[in-house]
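I opened this notebook page to keep track of what I looked up in the model, entry by entry.

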Amino acid sequence: MTMTTEPPRTMFRPPTPGAARDAGGPDAPARIVVESLRAGFGTHEVLGLQSLRMPSRAITAIMGPSGCGKSTFIRCLNRLHEETPGAWVRGVVRLDGTNLYDWSVDPVEVRRKVGMVFQRPNPFPTFSIYDNVAAGLRLNGLRKRSLLDERVEKSLRRAALWDEVKDRLDKPGTSLSGGQQQRLCIARTLAVEPEIVLLDEPTSALDPIATERIEELLMHLKQDYTLVLVTHNIQQAARVADRTMFLLLGELVEEGPTSELFTTPKDPRTESFISGRFG
Amino acid sequence: MRSAWRRWKNRAFLLVMALCLLLCLAPLASLLLTLVKNGASALSVAFVTRRWAPVGESGGIAHALLGSLCLLGVASLLAVPLGLAKGLFLSQRGDTRLAKVTRILLDVMTGIPAIIVGVFVYTIVVRPGGFSIGTGFSMIAGGLALSLIMLPIFARTTEEALRSIPRTVDEAGLALGLPRRRVALRIILRASFPAVLTGLFLALARVGGEAAPLLFTAFGSNDWPQSPTEPVASLPQLLFDYARQPFEELVRQAWGAALVLVALILSIRLTTNAYVRWRFGKMTQV
């Protein structure tokens, strides 16, 4: 197995010469722009949103009480929502200017660019740790063992799991602890090299320590990826997000840089939500 | 004391359940004992390596053993691809009208008596003339009859096996940018493979002991299996034939054949188990 050691993620990153590489953060240029979006199941509309922007290389958190349409919303960003029987989506969501819902866009291509981590760790059953991470690459036709080894190691390192599993890559993915399984799922998502990673309450099934590790990981990952994080945990949004949006009953109540939203909320409903009066 | 009363109640129920277990196991044990008692004397190396010989010349049942394996092979060859396809369809598109109709038809198919399947295959495949293909009695016709019995069992167990994989696994595959068919074939099918294999075994065990559908299709033979288009012997049919003979020798051989048949089915089961454990055992823990 070839060892390609990544530089520590906290290392100073030399600026890319020429092309201005944006710095990320809450005011970075938008990569995802929602112009209008309505989604639902059957006759039931669960989501109606307009003009939203998500900056590149930053964490955008979507918070709100249960059933407010958070999950439906991010599942619209990689066109996964429409895979549920009875589900429908209308609207315009632009990724780098391209409308994801244009008739000429293949949802499979969208999902290759926009990865997703789910609420409950869902490693593939009967797949080893290695096979779990390699699955996306292999099933897309990558066969070369040395290349696979390299990508698997790189992804596991990025997901901060390599050191814990490097001696037992052939063990089943389901043999890991819950927190490790979730990092395995993150590694599996990163292995196919998406540009955007959606996280649907990735820590809601984990204990506080595992949650902390995932949050640290997200802070590292945002240097390279555009992250969209759904959470019903207000503190989590406050801790990790650069921008936060607050959804209620399928509508956007307020959106802005996290520090502003939490210190000077403009809408009284936001204020009562973050001060814990409901939700 | 209430807790003492509860302990006694617990013991009483345990006893009842143990008795129920014994009641279930007793017929099985008695059946196996009878088989071994009557069949063991017929067993010998010659018995399982030689083919039929006239009474008094110490023949064996190897031709039927081999014939049974060939028939099961042909039946699997026909039933497995179709059953997998149906199982995949039913699990992926389970709520469409076509799927619902298919499911009902499969359930009806499960209920058709084996002998009717035999007559059906005879009518449209074996019989010369009429609206029949007219293959004559053959291994293929026998295998086809068995596969028709296997198909609904295997398709439904495959459907259940595929459905037992949570939807979230399906979504995880889609979210990696994989087309749905590849998620279904390469992830869901693989994840449920041990259960699919168990379903295949159940179907094989069911048809491995069938004589009725073979009477009109494979016909039986005293010779080794020759070619797919020739009649072929099988263990259940040999058992059926020999047990009705007036010769003590043949009745003894029928008992031996019964024992071999049970051993064959048991060994298919054990081999499947061993294979699953070897290939997936360390992968299926939760």
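Entry 1: Helices (H or I, at least four residues) and strands (E, at least two) are DSSP runs, numbered from the N terminus. I noted that this is a predicted model, in which local features need pLDDT of at least 70, side-chain atom pairs count only at pLDDT 80 or more, and totals for chains, interfaces and linings use all residues. Residues are numbered from 1 along each chain as its sequence is written, while chains are lettered from A and ligands numbered from 1 in the order in which they are written.

**Entry 2: the partners of β9(A).** I followed strand β9 (residues 243-248) of chain A along β10(A) and recorded an antiparallel pair joined by six bridges, where two strands pair if DSSP finds at least two bridges between them. Across this pair A:Arg243 stands opposite A:Pro257, and A:Leu247 faces A:Leu252 of β10(A). I then turned to β3(A), which runs parallel to β9(A) and is joined to β9(A) by four bridges; here A:Met63 has A:Phe246 as its bridge partner. Is β9(A) mostly covered or mostly open? Five of the six residues of β9(A) are buried, so to say mostly covered, a residue being buried if 20 or more other C-beta atoms lie within 10 Å of its own, exposed if 12 or fewer, and partly exposed in between, with C-beta atoms placed from the backbone.

**Entry 3: the six-stranded sheet.** I placed these strands in an open sheet of chain A with mixed pairing, whose six strands come in the order β6-β7-β8-β3-β9-β10. The edges are β6 and β10 (251-257) of chain A, each of which pairs on one side only, and from one strand to the next the twist averages 15°. I also saw that helix α1 (residues 70-77) of chain A packs on this sheet, touching β3 (59-63), β6, β7 (196-200), β8 (226-231) and β9 of chain A, and that the direction of α1 makes about 155° with that of β8(A). Axes are lines fitted to C-alpha atoms, for helices over the stretch in contact, and angles run from 0 to 180 degrees between N-to-C directions.

**Entry 4: the four-stranded sheet.** I next listed an open, antiparallel sheet of four strands in chain A, in the order β2-β1-β4-β5. Because β2 (44-55) and β5 (98-99) of chain A stand at the edges with a single partner strand each, one side of each is left without a neighbour in the sheet. Strand β1 (residues 30-41) of chain A pairs with β2(A) over ten bridges in the antiparallel sense, and A:Ala30 stands opposite A:Pro55 in β2(A).

**Entry 5: two buried loop residues.** I looked up A:Ala58 in the loop between β2 and β3 of chain A and found A:Ala58 buried, because 25 other C-beta atoms lie within 10 Å. A:Ala58 and A:Asp224 are 166 residues apart in sequence, yet their C-alpha atoms are 8.7 Å apart. A:Thr174, in the loop between α5 (162-165) and α6 (178-191) of chain A, is buried with 21 other C-beta atoms within 10 Å, and its C-alpha atom is separated by 8.2 Å from that of A:Phe127, 47 residues apart along the chain.

**Entry 6: a helix pair.** I noted that α3(A) and helix α4 (residues 145-158) of chain A pack at an angle of about 120°, their axes 9 Å apart. Among the residues that meet are A:Tyr130 and A:Leu137 in α3(A), and A:Leu148 and A:Val152 in α4(A), two residues being in contact if their C-beta atoms, placed from the backbone, lie within 7 Å.

**Entry 7: the second chain.** I counted 24 residues of chain A in contact with 24 residues of chain B; α2(A) gives the largest share of chain A's side, three residues. Chain B has twelve helices and zero strands, and 38% of its 286 residues are buried.

**Entry 8: confidence.** I recorded an average pLDDT of 87 for chain A, with 90% of the residues at 70 or above, pLDDT being the predictor's confidence in each residue, from 0 to 100. Over residues 1-21 of chain A pLDDT stays under 50. Where pLDDT is low, the predicted coordinates should not be read in detail.
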